[in-house]
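Hi there,

Here is the model I promised to pass on to you. Have a look at it first, and my notes follow below.

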Amino acid sequence: MADDMMINGDRFTLYLSEDQIRSRVKELATQINEDYFGKVPIFIGILNGSFIFFSDLVRDITVDCEVDFLKLSSYGDAKISSGQVKLLKDLNCQVAGRDIIVVEDIVDSGLSIDFMKRLVMKESPASFRVVTLLLKKSVAKVSFPIDYVGFEIPPEFVIGYGLDYAQKVRNLRSIYRLAPKS
Ligand code: PRP
């Protein structure tokens, strides 16, 4: 795949390669395997964006685990959050007394993960942790620690590896960032 690409008249450049992502995902899984040794966590993926990271991550998990999904939306087709998180699909699993690991592709403003934590905590889990591939640390407003972070990134618009541009390009194997207009 080229290092540069044009999408809808916008130029994107390679930011995190497939190999960089792969090796970081393995490191995150290794850490989680150590931390959850002897436990049976439930990995909860937040759809749609986390689906590729989620499936790569859980295939490197060696402890017994379960999976479930929840669907949220705050961006629609826009590059900037609407500021309102909508619950489009609820969980099916029983959260009470379980070790929950929420899997996000990106924590940007922090609204989605904040919404998610409040939702899960109402059900009294035994523990709650978050793993995100990307964290926009300088703009994320989160009142709790993000336990596992793949990459801290600047507040730029990024796509690929699950992250969309107007619902497309989630299937790219690498992550690209919007290039400044020249
Ligand atoms: C994206 C992403 C995260 C959320 C992060 O989801 O997948 O869930 O935004 O942004 P925040 O920290 O500002 O809330 P989006 O609402 O675009 O839906 P999608 O996952 O279907 O792309």
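The cut-offs here are under 20% relative accessible area for buried, over 50% for exposed, and partly exposed in between, with a 1.4 Å probe and protein chains only.

Before going further, some housekeeping. This is a predicted model, in which local features need pLDDT of at least 70 and side-chain atom pairs count only at pLDDT 80 or more, while totals for chains, interfaces and linings use all residues. Residues are numbered from 1 along each chain as its sequence is written, and side-chain values use heavy atoms, with hydrogens and water left out.

The loop between strand 9 and strand 10

Gln167 is found in the loop between strand 9 and strand 10. For helices (H or I, at least four residues) and strands (E, at least two), I used DSSP runs numbered from the N terminus. Gln167 has a positive phi of about 75° although it is not a glycine. Ala166 lies in that loop between strand 9 and strand 10 too, and its phi is also positive, near 50°. Most residues other than glycine have a negative phi, so these backbone angles may be worth a look when you open the model. Ala166 is partly exposed, at 26% relative accessibility.

The loop between strand 9 and strand 10 also holds Asp164, which counts as buried at 18% relative accessibility. The side chain of Asp164 reaches the backbone nitrogen of Gln167 at 2.7 Å. That is a polar contact, meaning a pair of N or O atoms within 3.5 Å; within protein, one must be able to donate a hydrogen and the other to accept it, and residues adjacent in sequence count only if both atoms are side-chain atoms.

Salt bridges

How many salt bridges does the structure hold? There are 13, each one a side-chain nitrogen of Lys or Arg within 4 Å of a carboxyl oxygen of Asp or Glu.

Arg173 pairs with Glu18, with 3.2 Å between the closest N and O atoms. Arg173 lies in the loop between strand 9 (158-159) and strand 10 (175-178) and Glu18 in helix 1 (residues 18-35), so the pair ties together parts that are 155 residues apart in sequence. Arg173 is exposed at 58% relative accessibility, whereas Glu18 is partly exposed at 36%.

Within helix 1, Arg24 and Glu27 are three residues apart, which means about one helical turn separates them. Their side chains meet in a salt bridge of 2.7 Å, N to O. Arg24 is partly exposed at 23% relative accessibility, and Glu27 is partly exposed with a relative accessible area of 47%. Elsewhere, salt bridges that share partners join Arg22, Lys26 and Asp60 into one network.

A further salt bridge links Asp4 and Arg11, with the closest N and O atoms 3.0 Å apart. Asp4 is partly exposed, with a relative accessible area of 39%, and Arg11 is partly exposed at 35% relative accessibility.

The ligand

Where does the ligand sit? It sits in the largest pocket. A pocket is defined on a 1 Å grid over the protein atoms alone, as an open set of points where a 1.4 Å probe fits, with protein on both sides within 12 Å along at least five of seven lines. A molecule sits in a pocket if more than half of its atoms lie within 2 Å of its grid points.

The ligand is surrounded by 18 residues, the closest being Ser74, Tyr75, Asp105, Ser109 and Ser112; a residue is near a molecule if one of its heavy atoms lies within 4 Å of it. Strand 4 (66-73), strand 6 (99-107) and helix 3 (111-121) each supply at least two residues of this shell. Strand 6 gives the largest share, four residues.

A backbone N or O atom of Gly110 lies 2.8 Å from a ligand oxygen, and a polar backbone atom of Asn48 is 3.1 Å from an oxygen atom of the ligand. Taken alone the ligand exposes 500 Å², and the protein buries 94% of that; the areas come from the Shrake-Rupley method with a 1.4 Å probe.

The peptide bond from Leu47 to Asn48 is cis, with omega near 0°, and Asn48 is found in the loop between strand 3 (42-47) and helix 2 (51-58). Most peptide bonds are trans.

Conventions:
1 Å grid on protein atoms, 1.4 Å probe; cavity = no way out; pocket = protein on both sides within 12 Å on 5 of 7 lines; lining within 4 Å.
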